[in-house]
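Dear colleague,

Please find below the structure that I am handing over to you. My notes on one part of the structure follow it.

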Amino acid sequence: MAKDEENRRWLRQAQRYINEKFYPNVTAEDMDQLFDISWYSVVGGALIGGMVGVRETAQRHRLENRDTRYQNHYMAQKHFNNNVLMGFFKYGLRWAGKVGLVGSLFGTTLLVLQQERQKKDLINVVGAGALTGMVYGLPQGPRFVLRSVIGASMLSLTMGGFMQLAWWLEEAGLIKESPPPPPPPKAPEIDDAALANMIAALDRACERIEPTLNAPAPAPAPAPA
């Protein structure tokens, strides 16, 4: 828990900046929600894009190399595996950037709507999805904007239903956060007098042991005749 808080120290700094400049009621829980939405969008985009890349690269490899003659089966499989692996990383990185950007925009819009309305409900989630879809579809033209808004709203409605259920359970007290771990026990304090007595006892023990350490070694026994 402490390590996680240390890793998210920059998130707390962003929270203080938002509290000072924009919304004073933004909490650490709100910032964690924004971070989680953005992070899971990046990871989910990378996995989905990687699977798409594997399928597309495998199909293209088979079409482009169906007449290629290899020395043996090992070389053919190695060439195929290398292309598929490169397709996984190439498509995965591309999708991670796009989906992560959309997820960050959605999380930011959701945070703004929650602060403006001072509520956590399904309307905020669907509204954030519709606005995100509109912004995402603007470069493609008005027809694509309409389809993007409808698709994002339906997706947000599904996700918002689960979020709304979690908020209801949290308000009813059925979901509680796990308490933080207890602090580590403190080392016992030693006053100066006790420390001085300990040092004196060690000195006396060393004085008793020193003659034994400095005593000459016994002479070896004479060899039998």
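**Helix α5 and its neighbours**

Helix α5 has 16 residues and spans 23 Å from its first C-alpha to its last, close to the 22 Å expected at 1.5 Å a residue; the expected span is 1.5 Å times one less than the number of residues. Helices here are DSSP runs of H or I with at least four residues, numbered from the N terminus.

The model is predicted, and local features need pLDDT of at least 70, side-chain atom pairs count only at pLDDT 80 or more, and totals for chains, interfaces and linings use all residues. Residues are numbered from 1 along each chain as its sequence is written, and side-chain values use heavy atoms, with hydrogens and water left out.

The buried residues of α5 (under 20% relative accessible area, with a 1.4 Å probe and protein chains only) are N124, V125, A128, G129, T132, G133 and G137. These buried residues pack against α4 (73-117) and α6.

Consider α6 to begin with. The axes of α5 (residues 122-137) and α6 (residues 142-171) come within 7 Å and cross at roughly 155 degrees; axes are lines fitted to C-alpha atoms over the stretch in contact, and angles run from 0 to 180 degrees between N-to-C directions. The two helices are therefore roughly antiparallel, a term for angles over 145 degrees. The residues of the contact between α5 and α6 comprise 14 nonpolar, nine polar and no charged. Nonpolar covers Ala, Val, Leu, Ile, Met, Phe, Trp, Tyr, Cys and Pro, charged covers Asp, Glu, Lys and Arg, and the others, Gly among them, are polar.

Within α6 lies S153, which counts as buried at 16% relative accessibility. Leaving aside neighbours within four places in sequence, S153 is in contact (heavy atoms within 4.5 Å) with V126 and A130.

On the α4 side, the axes of α4 and α5 come within 8 Å and cross at roughly 135 degrees. The contact of α4 with α5 divides into 11 nonpolar, six polar and one charged residue.

Finally, Q118 is in the loop between α4 and α5. Phi of Q118 is near 55 degrees, a positive value in a residue other than glycine. Most residues other than glycine have a negative phi. Q118 counts as exposed at 51% relative accessibility, the cut-off being over 50%.

How values were computed. Parallel < 35°, antiparallel > 145°, perpendicular 65-115°, else oblique.
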